[in-house]
Amino acid sequence: MTPKTYNWAILGCGKIARKFSSDLKLLPNARLYAAASRSMDKAIAFAGEFGFEKAYGSYNEMVSDPQVDVVYVATPHSHHMEHTILCLDHGKAVLCEKAFALNADQVNRMIEAARRNGVFLMEAFWTRFQPAFLKLMEVLASGQLGRPKMLRSDFAFNGGNDLSSRLFNMALGGGSLLDIGIYPVFIALQAFGRPEEIKTFADLAPTGADRSITMLFRYSDGQMASLASSFAVCSDTQSEVWCEKGFIRIRRKDISSTHLTVWRDNGQEEDYDFINQEGSGYHLEAQHVMQCLDEGLTESRELPLSFSSLLIETLDRIRKDAGIVYPD
Ligand SMILES: NC(=O)c1ccc[n+]([C@@H]2O[C@H](COP(=O)([O-])OP(=O)(O)OC[C@H]3O[C@@H](n4cnc5c(N)ncnc54)[C@H](OP(=O)(O)O)[C@@H]3O)[C@@H](O)[C@H]2O)c1
């Protein structure tokens with residue numbers, strides 16, 4: 001049976017929308033249908049560059065187009081709730097960038113809108129669908145390394161000193177935690193689940209955004225996670241899960257390649273290189289969305305809304321402990 005072709009629309013033509021759109025072209029059942037921006041000129045330029053058939057100079061106009069099946073929301077996290085609910089209320093399926101929203105209350109409202117409208121909603125947590133991450137979870141689940149007990153994970157890059165940029169602007173949900181610290185938190189939740197206790201140390205920029213943050217998770221059965229993110233330094237973006245009989249290390253080398261090592265306490269080591277032959281890997285989440293839509297699902301089994309709720313609830317707990325407060 002020929003798979004259904006879905007008409008995709010982009011809401012917000014910024015940096016990540018460019019990478020996503022470029023990867024979307026790799027999927028034969030994805031039709032690059034519409035690009036929507038707050039500026040008509042920008043929408044026309046974006047649509048022309050990536051081959052979208054239509055350009056809209058407002059998000060409202062785009063969601064009113066009955067031909068749009070699914071929208072990729074790529075605005076700053078401060079606007080995810082508003083833009084996601086706008087799409088859901090117009091009956092459009094939504095893949096919304098991480099962080100899903102600023103806090104659990106906003107995420108609950110998004111989930112409520114998806115359920116009220118009976119429409120598909122998923123957080124665009126692209127690493128969940130990457131082969132390296134799937135291999136890590138497969139090795140952990142196999143039990144070959146015994147129980148996983150400790151975890152260390154980081155994500156850092158030098159984000160510069162422009163305090164008006166999205167990275168530091170609190171009105172746009174700035175701060176390293178929601179932008180990149182969310183990845184180490186994601187790994188800890190996937191591997192160990194909800195932590196019993198959270199302790200943090202944060203270095204805040206003058207805007208109140210966290211420039212750097214270190215987080216410690218404690219679990220009731222003795223598991224622990226040490227996580228960090230920063231816009232002030234460069235790290236090698238690595239995660240390690242230490243188990244009773246060995247460890248797994250996953251290291252993102254660049255946008256298209258990830259290295260994974262499985263080390264056993266008998267000295268045996270296996271190395272895997274996961275290299276994207278085409279694109280950056282964003283098409284895998286889009287492909288998954290279309291598989292879910294083919295099945296008539298309103299949420300993903302692999303990345304359910306209950307996981308997004310746990311993730312944002314954990315980020316809320318971290319922000320509370322670290323004293324990171326958004327304007328609203
Ligand atoms: N998955 C990943 O690997 C990844 C990587 C980077 C970022 N992200 C996420 O993607 C989202 C966007 O990040 P980005 O780096 O693409 O940001 P960006 O380059 O600043 O783009 C955001 C876009 O949102 C639109 N927008 C709507 N209201 C806005 C407002 N009040 N201020 C600024 N922009 C507004 C703008 O598009 P128009 O002008 O066209 O309307 C803008 O170009 C964030 O939530 C971020 O966490 C994910």
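**Figure 1. The interface of domain 1 and domain 2 holds zero salt bridges.** The structure shown is a predicted model. The domain assignment divides the protein chain into domain 1 (6–125) and domain 2 (128–281 + 310–322). Between the C-alpha centres of these two domains the distance is 26 Å. On the side of domain 1, 17 residues are in contact with 20 residues of domain 2. About 1600 Å² of area is buried between domain 1 and domain 2, and carbon and sulfur atoms give 66% of this area. Of the area that domain 1 buries against domain 2, 38% is supplied by His77, Lys98 and Phe125, more than by any other three residues.

**Figure 2. Asp23 is a buried residue without a salt bridge.** Helix α1 (residues 15–24) includes Asp23. The nearest side chain of opposite charge belongs to Lys19, 9.2 Å away from Asp23, whereas a salt bridge requires a side-chain nitrogen within 4 Å of a carboxyl oxygen. When neighbours within four places in sequence are left aside, the residues in contact with Asp23 are Gly279, Ser280, Gly281, Tyr282 and His283.

**Figure 3. Cys13 and Cys243 are both buried.** The relative accessible area is 8% for Cys13 and 12% for Cys243. A disulfide is a covalent bond that joins the sulfur atoms of two cysteines. For Cys13, the closest cysteine sulfur is that of Cys87, at 13 Å, which is too far for a bond, the cut-off for a disulfide being 2.5 Å. By this rule, the count of disulfides is zero.

Conventions. Residues are numbered from 1 along each chain as its sequence is written. This is a predicted model: local features need pLDDT of at least 70, side-chain atom pairs count only at pLDDT 80 or more; totals for chains, interfaces and linings use all residues. Side-chain values use heavy atoms; hydrogens and water are left out. Buried means under 20% relative accessible area, exposed over 50%, partly exposed in between (1.4 Å probe, protein chains only). Helices (H or I, at least four residues) and strands (E, at least two) are DSSP runs, numbered from the N terminus. Lys and Arg count as positive and Asp and Glu as negative; His and the chain ends are not counted. Contact means heavy atoms within 4.5 Å. Domain bounds come from an automatic or database domain assignment. Buried area is the accessible area (1.4 Å probe) that two parts lose on being put together, summed over both.
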